[in-house]
Amino acid sequence: SGAESLLTSAGLIIGTVSEEYSATVPAGQIIRQSPTASSVLQAGSAVAIWVSQGLAPISVPDLSGQTLSGAESLLTSAGLIIGTVSEEYSATVPAGQVIRQSPTASSVLQAGSAVAIWVSQGSTPIDPTAPVVVPDLSGQTQTTATSILAATGLLLGVIHTEYDANVPAGQIIRHMPTANSSVPPNTPVELWISKGVALSITPTSVTLEVENGKSYETSFTISGGILPYRLELTSSNTDIHGQVSFMPNGNIHYSIEIPANAPPGLTLEDTLSISDGTGSLVTASVTANIKVPEVLSTLPNLSPNERSVARALENSLSALSNLVNPTPEQQDLRNQILNLIAAPDAPGTRDALKALTNSNADAAGISGIQTGTQQLTNLNTRLLALRRGATGIDLRGLALMADGQVLSGRELTLLTESGQSGGGASADNPFGRWGFFLNGRVDFGNRSQTDNQTGFDFRITGITGGIDYRFSEKFIAGGALGYSSNSTNFDVYGGSLDTKTLHLAAYATLSPFPQTYIDAVIDTG
C-alpha cells in the first residue's frame with residue numbers, strides 16, 4: 001500500500017505485481033521496479049513491481065549413515081543448522097552414524113531451520129552372563145544370518161548344505177539351536193542351507209529290444225540342480241553305442257543305430273552321466289539287447305525235446321555273447337550256435353539238435369528219478385521211526401548233502417527231545433500221544449562230463465513234514481505235506497532243467513502181532 005500511495009502522489013499507477021524469493025529483502029517488501037526510480041514518464045503511466053516472499057524453502061537432505069560432522073556439513077550447505085543431537089543403541093547402524101532425523105529427508109523448511117538427529121552408540125551392551133535368545137534365521141541368507149548373530153551376541157557355527165524342494169537355493173532351511181532357544185552368549189549356531197531341488201533324471205534306466213539294421217531313440221527328463229548341466233556318455237562297446245544331445249527344452253535325446261551285421265544276442269550298455277554347476281552327479285543307463293532270431297526253434301518237424309533244445313541254444317547265445325572272459329569251449333559253442341542260426345536249413349542242423357537232446361535227456365532223467373523217489377523215502381523213514389517208538393519232535397531224518405558230505409539232523413533232535421525217550425507216550429513228553437517230524441534232504445553237487453553223458457550241476461530239495469497220533473501201541477496214523485524241487489544246469493550252456501512238486505499224503509502203521517507190521521501210504525501231488 002506504501003508503493004501504491006507514492007505512485008498515486010506522483011500521478012502514476014501501479015502496474016504488474018510479481019512475487020519472488022529473496023535472501024536479502026524481507027517478505028512483503030519491494031525488491032525492484034520497472035521503470036526504475038528517477039525515470040521520466042507521462043502522467044498516468046504504470047510502474048511494475050516485484051514483492052519479496054522472503055527466504056526460499058529448503059529440502060532437508062538425507063542424513064542416514066552420516067557421521068555427526070558429515071551431517072552438520074550437509075545441513076550447512078543446504079542452509080540449515082543442526083539441532084538437537086541424541087544418542088541411542090542400534091543393532092543395525094554402526095556406532096557414530098546417524099540412525100534417523102527430524103524433520104525427515106525431503107521435508108521442506110525455511111533457511112536456517114534446525115534439524116534434530118539421533119546418532120548410534122552401536123549394539124546394546126550384552127551382559128556376558130545373561131542368556132541370549134536365538135533369533136529365527138529361517139529363510140535368511142548366510143550373509144544376513146551372520147550379521148544377525150553378531151548383533152545378538154552369537155557366533156556362526158558349522159555350515160551344512162542339502163537339497164530341499166521347498167526352500168530356494170541359498171536360504172537357510174533350519175538351524176541349531178532352534179529359534180527362541182535361550183543359550184549362553186557366543187554360542188555357535190549351526191546352519192543348514194538349501195541347495196534347492198536335487199538334480200535328477202527320469203527314467204534312470206531304459207531297456208531296448210533291438211534288431212539288426214534298425215535305429216532306436218528315447219529321451220530323458222532332467223530336473224533340479226544348478227545350471228549349467230554337463231552330459232557325458234560311456235559305452236560298453238566301442239564299435240556300437242548311442243549318441244546323446246540336449247534338446248531345446250533342456251532334456252536329453254538318445255539314439256542308437258544297430259548295424260546290419262551286429263552279432264545276435266549281444267547286449268550293449270550305455271551310461272549317461274549328468275552333472276550340474278555344483279558338481280552333483282546323476283546317471284541313467286540304456287541297455288540294448290540285440291534280438292536272437294528264432295530260426296532254430298521254429299524249424300518244422302522237430303520233436304518237442306528237440307524244439308526245447310533249439311530254444312535253449314537261442315537263449316544261451318545272449319549269455320555267451322556277453323561273457324567278459326569266455327573259455328575256449330564257450331567261444332567254440334558260441335561260434336557253433338551262430339553257424340546254426342546263420343544256416344538253419346543246412347545239412348546236419350537237425351542231427352546236431354537230436355544229439356544234444358539225447359545227451360541232456362540222460363542227465364535230466366537222473367535228476368527226475370531223484371526228485372520222484374524222495375517223498376516216498378521220507379515217509380518210510382517216519383514209519384520206521386514210529387516202530388522204534390519215536391514221540392514228540394523228530395528231526396533225525398533231516399540231512400544236508402554237498403557232493404557226498406552229509407550233515408544230519410540228529411543234533412537238532414537231541415536239543416528238541418530234551419529227555420524224551422522211545423516207547424509209548426511218556427509222562428515227560430509235553431505232546432502226549434502226538435508226534436511231529438521233518439524228514440528229507442537238501443542235496444547239491446555236480447556230475448562230471450563223460451563220453452556218454454553231459455556233465456551237469458544239480459540242486460535237489462526233498463522235504464516232508466507231518467503230524468501223527470498214537471492211538472495205541474499197535475496203531476499210529478498221520479498226515480504229511482512234502483515239497484520237492486530240482487534244478488539242473490548242464491555244462492557248456494547245454495540248457496537247464498527245473499522241477500517243483502508238492503505232495504499231500506496220509507499214512508498209517510499197524511502191528512497186529514509182535515514183529516509184524518502193516519504199512520499204508522496214500523500220496524497225491
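The following questions and answers go through a predicted model of one protein.

Visitor: How are residues numbered, and which pLDDT do local features need?

Guide: Residues are numbered from 1 along each chain as its sequence is written, and side-chain values use heavy atoms, with hydrogens and water left out. This is a predicted model in which totals for chains, interfaces and linings use all residues, side-chain atom pairs count only at pLDDT 80 or more, and local features need pLDDT of at least 70.

Visitor: How many helices and strands does the protein have?

Guide: Helices (H or I, at least four residues) and strands (E, at least two) are DSSP runs, numbered from the N terminus. Counted this way, the protein has 7 helices and 29 strands.

Visitor: What percentage of the residues in the protein is buried?

Guide: Buried means under 20% relative accessible area, exposed over 50%, and partly exposed in between, with a 1.4 Å probe and protein chains only. The protein has 525 residues, and the buried part of them is 34%.

Visitor: What is the accessible surface of the protein?

Guide: Accessible areas come from the Shrake-Rupley method with a 1.4 Å probe, and for residues only the protein chains shown count as cover. Carbon and sulfur atoms hold 55% of the accessible surface. The total comes to about 28900 Å².

Visitor: Among contacts between residues at least 6 apart in sequence, what percentage joins residues at least 24 apart?

Guide: Contact means heavy atoms within 4.5 Å. Among contacts between residues at least 6 apart in sequence, the share that joins residues at least 24 apart is 63%.

Visitor: How much space lies in the largest cavity?

Guide: A cavity is a set of points, on a 1 Å grid over the protein atoms alone, where a 1.4 Å probe fits but cannot get out; lining residues have an atom within 4 Å of a point. Grid points are joined across faces, edges and corners, and a volume is the space filled by probe spheres set on the points. The whole structure has 2 cavities of 30 Å³ or more. The largest cavity holds about 50 Å³.

Visitor: Which residues lining the largest cavity are the closest to its centre?

Guide: β25 (434–447) and β26 (456–470) each supply at least two residues of this lining. The lining divides into 5 nonpolar (Ala, Val, Leu, Ile, Met, Phe, Trp, Tyr, Cys and Pro), 3 charged (Asp, Glu, Lys and Arg) and 3 polar (the others, Gly among them). Of the 11 lining residues of the largest cavity, the closest to its centre are Ala390, Thr391, Arg433, Trp434 and Arg470.

Visitor: Which element gives the largest share of the lining of the second largest cavity?

Guide: The second largest cavity has about 30 Å³ of space, and its lining includes Gln375, Thr464, His503 and Asp523. Two or more lining residues come from each of α6 (349–387), β27 (475–490) and β28 (496–513). The largest share, 3 residues, comes from β27.

Visitor: How far apart are the closest N and O atoms of Arg382 and Asp468?

Guide: A salt bridge is a side-chain nitrogen of Lys or Arg within 4 Å of a carboxyl oxygen of Asp or Glu. Arg382 in helix α6 and Asp468 in strand β26 are 86 residues apart, so the pair links distant parts of the chain. Asp468 is buried, at 2% relative accessible area. The closest N and O atoms of this salt bridge are separated by 2.8 Å.

Visitor: Which residues are linked with Arg382 in a network of salt bridges?

Guide: Arg382 is buried, with a relative accessible area of 1%. Its salt bridge with Asp394 has an N to O distance of 3.7 Å; Asp394 lies in strand β22 (residues 392–394), so this pair ties together parts that are 12 residues apart in sequence. The residues linked with Arg382 in the network are Asp394 and Asp468.

Visitor: Is Lys214 buried or partly exposed?

Guide: Lys214 forms a salt bridge with Glu211, with the closest N and O atoms 3.4 Å apart. Glu211 has a relative accessible area of 33% and is partly exposed. Lys214 has 41% relative accessibility, so Lys214 counts as partly exposed.

Visitor: Which residues does Ala260 touch, not counting residues up to four places away in sequence?

Guide: Ala260 lies in the loop between β19 (252–257) and β20 (267–275) and is exposed, at 64% relative accessible area. Ala260 and Glu211, 49 residues apart in sequence, are 8.4 Å apart from C-alpha to C-alpha. The residues that Ala260 touches are Asn212 and Gly213.

Notes
1 Å grid on protein atoms, 1.4 Å probe; cavity = no way out; pocket = protein on both sides within 12 Å on 5 of 7 lines; lining within 4 Å.
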